[in-house]
Amino acid sequence: MRLSGRAALAVGLAGAVLAPVTPAFAAPPPVTADLRADVDRNGRVDTTGTGDQTGEDTWSTGRGAVFLPNIDDDAKRCRTTGPDGKPLSDAKLAKCNDAADTRVNGAADAKDLARLRTVPIAQAPKDASGTVRITGKGAKHARLFIKRAGGWTAVTAKTTLTAAELRAGVELGLEGTDVVRDRAVWDGSAVVELKVTAGSSTTSDKVTLHVAPLLTQHHLQRAQRMLVTEIQGEGPFSRAQQKFVKDLDTQAKKAGVKQSTVKFTKYGDIWAQDFVEPAYAGMTGEDGRPRTIRIMLRSAQPDREAGRELFEKLRGPDMGVVQVTGVKDSEEWTLNSMGNLETIPPYTHGGRSYPAGRIIMGERKDTGAKPAKAMRTLLASQGLQNPLFLDTSWLHVGHVDEFVQFLPAPGTPRGWRLGVADPDAGMKLLRDAKAAGHGKTKMFSVKGFEGMPAPKETIDQTLANKKLRADNALAAKRIKANLETLKRETGLTDAEIVRVPALFTRGTDEGVAADRMPLLRRIGGSADTPEAVREYGQQRELGKPTGPSVMTSAYVPGAVNGVLLGPDRYLAPRQWGPVIGGKDIFTQAVTAAYRKAGFKVSYIDDYYTYHLGMGEVHCGTNTLRDTSKPWWRP
């Protein structure tokens, strides 16, 4: 028998106490906007728990969602010449990358998107709708995509989320259109807002993301690939340089560098360290693994053509290029070379932490000259590797790689040591040799090259040269001052310093015969060097001071100006020092210094190809290193 509602209620009340009955007119649960991103950086966007909800409105080095500056070219669609076949300008070369359009250029490009998700609103009524947008300054530097049945589509002001999409949850992707160049213009943040409207009610939720910083490599990251310029042609210098490249390949393979060497061939600039600094930007990918884009940072030298080959040869999948603008040719030329940019490995000292390492650059304290302001601003604006400046005014070329390097050292307080050129040790080698009766031995054991005579001075003559003694006393004094700066800033102790014998000289009258072509390439970069820079190079070639201070360069090939090929493998320039008892005394001393620090040393001849141009192995090469470790972890 069917009971009426009233009768049924009476029977129920007589038999038991019933749970409250929801009135038919009760309001439905509120519709609440909830947007999530990968705040905990594990590669997944959690829409059920609170792992990606706590702290979503703030961002710090250790926590907060990250997105990539999507400036690689995954589909290899960027051209280097125009419709007329002529090379594109530098500005046009730089304009093309995956973030330059409003499309997701294939599956590989989709992996470069930082994912966001809306929490499904199961009870969203039929009239519910939503919008998403990037608010504030980030809207000019980032782009949002939505994933629908037809693939990824750029979000515009007209994009609306339907009720069905709100119920199911929506997947979004965010890309950066550039790196941070000036924090005063854009600090790298992008605030994404979700608004949901149902009836007369509107709710919103915001998530703060930050573009991954552009970071330079350091020597705790293992070398994976070598970069070098290979001169084309059949001349004697070309053949010597080609042999250097071949020997470099051999040494890299012996050290376990498996990827083939990248060889620049187009512009003839042998200083592969100087026109580019390999850098990277990374986040956690959807699979939980690091998702990294390598970014080649072009030197701030507007007319150094070799930098164009970064776009022409290297730009492609997972590889982008950044160049600064607004640099004047009159700025200190050599300080803008990337041999003047090295990176201290990660450390913590004095309450400050640098989990991705810290940049060092040289400046001329005697004249006040610094690297280009645009480059300094870009590097400082990343917020993680704030550059530390050392005094390189005593050096002809003025690069930090001429006298310092960083060496892996497991088990030490910082996990690394500092290698430093030691002129006092170099002079002691000569004095000891003289005291042992070898003063008449030739200072250099290198032979002549294509009509260029070999150096003829002896150990006695070298020690008798007042200028050379003064040059090395000056070098020792300036290096000591720079060491004090590094020790103060990092906490480094004397026990963590590897002192490598070295000698410096101010010019050709001390026995270093300058080879004009490599020298001008070192100073100016190309045959089209401005006349002012060309004259500057000529002054250096003649050994004339170009500033208030005496400026020096390596006399014996600078051993610290070599390449770290592996955690325990080091490639140094062949020393060509005095041979006593059948052994090169500088080679013996350099090998001993590195062996004590746990390194196997091999040597490569760069005397006529790089050394006489005021550079060494490091100046003429570059490396791509393993960047898979998350930059936010010490």
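## Around Glu277

Leaving aside neighbours within four places in sequence, Glu277 is in contact (heavy atoms within 4.5 Å) with Thr216, Ile295, Met296, Leu297, Met338 and Leu341. This is a predicted model, where local features need pLDDT of at least 70, side-chain atom pairs count only at pLDDT 80 or more, and totals for chains, interfaces and linings use all residues. Residues are numbered from 1 along each chain as its sequence is written, and side-chain values use heavy atoms, with hydrogens and water left out.

Glu277 sits in strand β13, which covers residues 276-284. Helices (H or I, at least four residues) and strands (E, at least two) are DSSP runs here, numbered from the N terminus. With a relative accessibility of 6%, Glu277 counts as buried. For accessibility, buried means under 20% relative accessible area, exposed means over 50%, and partly exposed is in between (1.4 Å probe, protein chains only). Ser299 lies 22 residues from Glu277 in sequence, and the two C-alpha atoms are 7.3 Å apart in space.

## Salt bridges overall

Side chains of opposite charge can pair when their charged atoms come close. The structure has 34 salt bridges, each one a side-chain nitrogen of Lys or Arg within 4 Å of a carboxyl oxygen of Asp or Glu. Some of these link up into a network, made of Asp90, Lys266, Arg298, Arg308 and Glu312.

## Two arginines on Glu489

Glu489 pairs with Arg352 in a salt bridge, with the closest N and O atoms 2.9 Å apart. That pair ties together distant parts of the chain: Arg352 belongs to strand β18 (residues 352-354) and Glu489 to helix α10 (residues 466-490), 137 residues apart. Arg352 is partly exposed, at 36% relative accessible area, while Glu489 is buried, at 14%.

Arg358 also forms a salt bridge with Glu489, and again the closest N and O atoms are 2.9 Å apart. This one is another link between distant parts of the chain, from Arg358 in strand β19 (residues 358-363) to Glu489 in helix α10, 131 residues apart. Here both partners, Arg358 and Glu489, are buried.

## Asp101 with Arg103

Asp101 is buried, with 11% relative accessible area, whereas Arg103 counts as exposed, at 52% relative accessibility.
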